[in-house]
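Please find below a short note on the model. The points are numbered so that each may be checked against the structure in turn.

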Amino acid sequence: MSQKQKTYFNWSSGKDASLALYHLSKQDALDVVTLLTCINSHHNRVTMHGLRRELLEQQAQSIGISLQTVELPKEPSMEVYNDLMTQTIIGLKSEGYSNCGFGDINLEDLRKYREEQLKPYTIRCHFPLWKKDTKKIIFDFLELGFKAIVVCIKASLLDKSFVGRTIDESFINDLPANVDPCGENGEFHTFCYDGPIYTKPVDFDIGEKIYREYKNPEKDDEQQVDSIIGFWFCDLLPK
């Protein structure tokens, strides 16, 4: 029997990552032994999702896979992000990692970027959810027994009432027609706290809802693109 290939998973803490890890872990050739997560070290939270580090650590502990973080500054440039990621990848490669997994579904540019970044290190990328129907994905997620809560929403697409809600059939049915059922275009982000890859649920209390605005990295003066993007966050408090 051939030896399993050492694999790390790019871990966001959300539902798509959880479902993708579930499927990737079933591949006999791969051994997923590390979850890799970007942390905003200034706020001590998962980048974009806004999840507290303590809950991320409890999540990884429940899954039973070691956690490695990439510590980013408060407002990292793309150059700083790429440099830190390159250092991390070089380290993982030196430790014998030859494969990695992602929860991406249909963003072609993002997949191309990931594959191009890892190609020089001959690390093979796996996308277990790639090109699957997003409505089917979210219902498969629920049918398998996963549980997730919405921790961040894009304010221009969803109102405040959506943040802090549990992902269920009612939530999916309430989404506007222009919002992807999996939030694949950044409409919303989640924290997955239970499911078949977890040994026990991650326990938390729901905290306050906070509105924040950020500079739009896609701002182009020649296009009608807002220079500021607003998000609602729901703070989750470790128990």
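1. Lys15 is located in helix α1, which covers residues 15-24. It should be kept in mind throughout that the model is predicted.

2. Is Lys15 buried or exposed? Its relative accessibility is 3%. Buried means under 20% relative accessible area, and Lys15 therefore counts as buried.

3. The surroundings of Lys15 may be described in two parts. Its side chain makes a polar contact with the side chain of Asp16, at 2.9 Å. Leaving aside residues up to four places away in sequence, Lys15 also touches Ile138, Phe141, Ala148, Cys182, Phe188, Thr190 and Cys192.

4. Ala148, which Lys15 touches, stands opposite Cys192 in β8. Cys192 is likewise among the residues that Lys15 touches. The strands concerned, β7 and β8, pair in the antiparallel sense over six bridges.

5. What is the order of the strands in the sheet? The sheet is open and has four strands, arranged as β8-β7-β10-β9, and the pairing is antiparallel. At its edges lie β8 (188-194) and β9 (204-215), each of which pairs on one side only. On average, neighbouring strands of this sheet are turned by 25° against each other, with direction ignored.

6. Besides its pairing with β8, β7 (residues 147-154) pairs with β10 (residues 228-238) in the antiparallel sense, over three bridges. Two bridge partners in β10 can be named: Phe233 for Cys152, and Trp232 for Ile153.

7. A further point concerns two helices. Helix α3 (residues 78-94) packs with helix α4 (residues 108-118) at an angle of about 50°, and their axes are 11 Å apart. How α3 lies relative to α4 follows from this angle: α3 is oblique to α4. The crossing of the two helices, α3 and α4, is right-handed.

8. Which residues meet where α3 and α4 pack? On the α3 side they are Met78, Tyr81, Asn82 and Ile89. On the α4 side they are Tyr113, Gln117 and Leu118.

9. From β7, the pairing with β10 can then be followed.

Methods
Residues numbered from 1 in each chain as written. Predicted model: local features only at pLDDT ≥ 70, side-chain atom pairs only at ≥ 80, totals over all residues. Heavy atoms only, no water. Pairing = 2+ DSSP bridges. Axes fitted to C-alpha atoms, helices over the stretch in contact; angles between N-to-C directions. Buried < 20%, exposed > 50% of the residue type's maximum accessible area, 1.4 Å probe, protein only. Polar contact = N/O pair within 3.5 Å; in protein donor to acceptor, adjacent residues only side chain to side chain. Contact = heavy atoms within 4.5 Å. Parallel < 35°, antiparallel > 145°, perpendicular 65-115°, else oblique. Left-handed = near helix turned anticlockwise from the far one by under 90°.
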